[in-house]
2 protein chains.
Amino acid sequence: MTRKPALAVVGATGGAGAVLLQILSQHADVWGEIRLVASARSAGRKLVVRGEETEVLALGEEALDGVDVAVFLVPEQVAAQWAPVAAAKGVVVVDTSSAFRMDPDVPLVVPEVNPHAVRLRPRGIVASPHCVTLALIVAVGALHAEYGLSGLVVSTYQAVSGAGRAGVETLRAQLSLVAGTELGTGPGDVRRTVGEDTGPFAAPVALNVVPWSGEPADGGWSSEELGLREETRKVLGLPRLAVAATCVRVPVVTTHSVSVHATFENEVEVARAHEILATAPGVVLLDDPAAGEFPTPADAVGTDPAWVGRVRRSPDDPYALDLFVCGDNLRKGSALNAAQIAELAAGEFSG
Amino acid sequence: MTRKPALAVVGATGGAGAVLLQILSQHADVWGEIRLVASARSAGRKLVVRGEETEVLALGEEALDGVDVAVFLVPEQVAAQWAPVAAAKGVVVVDTSSAFRMDPDVPLVVPEVNPHAVRLRPRGIVASPHCVTLALIVAVGALHAEYGLSGLVVSTYQAVSGAGRAGVETLRAQLSLVAGTELGTGPGDVRRTVGEDTGPFAAPVALNVVPWSGEPADGGWSSEELGLREETRKVLGLPRLAVAATCVRVPVVTTHSVSVHATFENEVEVARAHEILATAPGVVLLDDPAAGEFPTPADAVGTDPAWVGRVRRSPDDPYALDLFVCGDNLRKGSALNAAQIAELAAGEFSG
């Protein structure tokens, strides 16, 4: 009988942790022990995974002993400190923070696109991309495999839960203030009503869209926009890919959407692109607008795949496809991709 | 003393009509008589313009007699029927509907971009572009004049009032149902709560974005997406310009936003682009994200100019600029552009 590997979930008590525990309960046969770990503040709490109440341990050396694979769902600084500690103990670390994504000795993995990269991990750490990259990369990766990607222009419609619980609470509080009013027609009326405190966003997000997400970076770009460029290049193995991204927050709770204009080395056809997307793992094609079929975040939320629709070939450029993609930022955009990477790593221990 | 020309506002009782009456009251010295016209149903109502109560006349031959310029703010079918009747009487018709926009004998005019085209009107009709085109064309036109535009990739964030009063009522009713709830995290929960009737939209618009606006057109494109392409080409006089547009409805009451990726014949520089935009008529530049300065619809609504920010040069392409533009779809996007065209035409009668 083969030994099943032991998994630690570091950051089990947060929002992504809750989603990961759900996913682990659905894939109950992969893991032996599942250990739940969080900050000292949350230690002692009990959470249910695979139907069993499990006590949360405080993050520390001991909590990582005897673990084969650890999924880190914690802020960047915590990951930067503790992932190397775990790796030094021989634990395969799957990190969902930005701490290691651009480290050349850390593979950045999307199992549908570059699964083999999991094995090339000189630091013992595997990184999972940012939720915005994950929203589009599976669909774009499938098209790249057929046509050879040469450039991307993307504009995002990012849900507030990408900014964590505070993001969701901010939108809900603002919606309570604006619903049932005539607001949204006078200059600044929304801003005056929701007040100065706009939570994790740079402007009110209810009855508004906010074309800024992340930190200021070079040339007027935001860190998220440049991050999307760097991560897409790394996952696809295209270090010179042209990527122009505009990251915009919208009043949606969960599920990021991305409007994608992709140019390729080869001429494209919508019928063939439909075939590719309809059979690509992790993608659901929903593309018949005349029949009301296109992806929206309200329909994609809570599901695993990337929902893809609005696939069109440019009338001006037979090498370009436009498409619209929706992906749940808490599932594929976070916990699910990490779980998939962890399961790839688990294969090294089992059997 | 010069005679001041007579203006008819056809469709005075609608939402765009109300905005136009405001604008006319602010530019009180341009016109002699201002005649208000609407459907027979609204005839006899009294509206205030330039501080005077004015009775609304029923649309018909008589209501157009003695008029120099008529602004039509009516549905396409009404414009298609009555604009030629008015033109046959020698009235200069400024039409805001889609009825004549692509007619080769009807100029499509944005006064900041192609004012001289007003005089070339073989049918006596001048058309005003769709609100989405108007949101971006002034900023893009100013950059084109300097650099020579070669291509556009745009994704929109369109306000619900672009779909008229029914659009606003639909969003407000849906917001009342979702505010104060935990909705937006489960598959289909928003759709189940707002019900089957999604008003003028193809899906729920509260806590959602809807990547479909317009009618089905060739190749999976929507009529609005292809219309944006055709109108931009016509206004800029670039009949072969490459334009790829994705039109998306968002839960914003008024003011369309557009994420623009523009490529040019000449190399671009952000500092020079800032100068161009800061001095372009009809544009306000707001571009210092580190200081919280970028345009949002909640801030631009109710104002006349196009608000432009997030101006960036692609790190991969020195011929490309990315920018974000917000424009009030009821002001510049409709009544204001029509008023500006009408004032250009008025110049032919005065003096």
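What radius of gyration would a compact globule with 351 residues have, and what does chain A have? Then, which residues of α4(A) and α10(A) make the contact?

Modeller: This is a predicted model, in which local features need pLDDT of at least 70 and side-chain atom pairs pLDDT 80 or more, while totals for chains, interfaces and linings use all residues. Residues are numbered from 1 along each chain as written, chains are lettered from A and ligands numbered from 1 in the order written, and side-chain values use heavy atoms, without hydrogens and water.

A compact globule with 351 residues would have a radius of gyration near 20 Å, and chain A agrees with its 21 Å (taken over C-alpha atoms; the rule is 2.2 Å times the number of residues to the power 0.38). Along the principal axes, the C-alpha atoms of chain A fill a box of roughly 60 × 50 × 40 Å. Chain A holds ten helices and 13 strands (DSSP runs, H or I of at least four residues and E of at least two, numbered from the N terminus).

Now the part itself. Helix α4 of chain A covers residues 131-147 and helix α10 of chain A residues 331-349; their axes come within 8 Å and cross at roughly 85° (lines fitted to C-alpha atoms over the stretch in contact, with angles from 0 to 180 degrees between N-to-C directions). α4(A) is therefore roughly perpendicular to α10(A) (65 to 115 degrees). From α4(A), the contact (heavy atoms within 4.5 Å) uses A:Cys131, A:Leu134 and A:Val138. The α10(A) side supplies A:Lys332, A:Gly333, A:Ser334 and A:Asn337.

Conventions. Angles under 35 degrees count as roughly parallel, over 145 as roughly antiparallel, 65 to 115 as roughly perpendicular and the rest as oblique.
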